[in-house]
Amino acid sequence: MNVRRPDSDRLRLFAIRAVRSAVFWVELVAIGWLVVTGLRGRRGRSVAVAAGLVAIEGAVWVGNDRICPLTPLAERYGAEDGSVSDIWLPHVVARTIPQWSIPLVALATFMHAYRWWRDGGPAR
């Protein structure tokens, strides 16, 4: 039975999805930046910011038992299965975010660590 949710709940769910979408795009850009800068051997403040953003997101996700912390809010306000991975992305992309983002983060981490080791440690 499909229960009509109050407009306020639908608006809250829309806001939750909008926030999650914004976080997703910021994280995607940060991961992409880490891969690009790893390939180019670039270091600097922008790399540190991107790494920090990705590390915080990863820590929050792992610390929350690999569940987006917005999931309980989405459930409260009417999401079908509590998932907010339906953030206006194609289904196959939304449902496989960890499967492709984690390897990209690992690749970027490896490239930066290798360059750091090859170049003799921290920039002077």
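Mentor: Before we start: helices here are DSSP runs of at least four residues, strands are runs of at least two, and both are numbered from the N terminus. Keep in mind that this is a predicted model.

Trainee: How many helices and strands does the secondary structure of the protein chain come to?

Mentor: Walk along from the N terminus and the elements read α-α-α-α-α. There are zero strands in the count. That leaves the helices, and they number five.

Trainee: At what angle do helix H1 and helix H5 pack?

Mentor: Two packed helices are described by an angle and a distance between their axes. For H1 (residues 7–40) and H5 (residues 97–118), the axes lie 8 Å apart. The crossing of H1 past H5 is left-handed. As for the angle, it's about 35°.

Trainee: By class, how many charged residues does the contact of H1 with H5 have?

Mentor: On the H1 side, the residues include Phe 24, Leu 28 and Arg 40, and they meet H5 residues including Trp 100, Leu 104 and Arg 115. By class, the contact has twelve nonpolar and four polar residues. The charged ones come to two.

Trainee: What share of the 124 residues counts as buried?

Mentor: Buried means under 20% relative accessible area. The chain exposes about 8,500 Å², with carbon and sulfur atoms supplying 65% of that. Of the 124 residues, the buried share is 29%.

Definitions and conventions. Residues are numbered from 1 along each chain as its sequence is written. This is a predicted model: local features need pLDDT of at least 70, side-chain atom pairs count only at pLDDT 80 or more; totals for chains, interfaces and linings use all residues. Side-chain values use heavy atoms; hydrogens and water are left out. Axes are lines fitted to C-alpha atoms, for helices over the stretch in contact, and angles run from 0 to 180 degrees between N-to-C directions. A crossing is left-handed if the near helix is turned anticlockwise from the far one by less than a right angle, and right-handed if clockwise. Contact means heavy atoms within 4.5 Å. Ala, Val, Leu, Ile, Met, Phe, Trp, Tyr, Cys and Pro count as nonpolar, Asp, Glu, Lys and Arg as charged, and the others, Gly among them, as polar. Buried means under 20% relative accessible area, exposed over 50%, partly exposed in between (1.4 Å probe, protein chains only). Accessible areas come from the Shrake-Rupley method with a 1.4 Å probe; for residues, only the protein chains shown count as cover.
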